[in-house]
Amino acid sequence: SNGINAEYGYSANIEATMSEGKQVQMQAYTDAIEEEKAAVASLSASSDIFDIKRELAALEVEAEYRRRIKQVSVEVKKRLDYQVELENTKKAFIRDHIIGWLESEVIASITPEQEEANINQCIASLGMLAQ
C-alpha cells in the first residue's frame, strides 16, 4: 500500500510538473500571439501615420509654392510699376523740353518791329473798347 501511494505520489508529481510546463508553454504561446496582434495593429497605425505625414509634407510643399508664386507676383508688379513710372517721367521730360524749346524759338523769332506793332495793335484795341 505504501509503495502504491509512493508511486502514485511520484506519478502525480510528474503529471503536475508536465501540466505546469504545458501551462507555461501555452501561456508563452498566448503571449506571443497577443504580441503579434499588437505588432500588426501597430504596423497598421504606423501606415496611417506615414500617410498623414506624407499628406502634411505635400501640404507644406503646396503652401511654400503658393508663397513663392505670390512673392514673384509682387516682385513682377514692382518692376512693371517702375517701368511705367520711368516711361511717364521720360514723356514728361520730353514734353517740358519741347515746350521750353518752342517758347524760346517763338520769343527769338519776334523782331522788335513785330513787338512794337503788336503793342500798338493792343493799344488800339483798348482804345476801341474804351469808346
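Me: In which helix does Glu36 lie?
Reply: This is a predicted model: local features need pLDDT of at least 70, side-chain atom pairs count only at pLDDT 80 or more, and totals for chains, interfaces and linings use all residues. Residues are numbered from 1 along each chain as its sequence is written, and side-chain values use heavy atoms, leaving out hydrogens and water. Helices are DSSP runs of H or I (at least four residues) and strands are runs of E (at least two), numbered from the N terminus. Glu36 lies in helix α1.

Me: Does Glu36 count as buried or exposed?
Reply: Buried means under 20% relative accessible area, exposed over 50%, and partly exposed in between (1.4 Å probe, protein chains only). Because its relative accessibility is 54%, Glu36 counts as exposed.

Me: What does Ala57 count as, by relative accessibility?
Reply: Ala57 also belongs to helix α1, which covers residues 2–109. Its relative accessibility is 37%, so Ala57 counts as partly exposed.

Me: How many Å apart in space are Ala57 and Lys77?
Reply: In sequence, 20 residues separate the two. From C-alpha to C-alpha, the distance between Ala57 and Lys77 is 30 Å.

Me: What percentage of the protein chain do buried residues make up?
Reply: The C-alpha trace spans about 170 × 30 × 15 Å along its principal axes. Of the 131 residues, the buried share is 0%.
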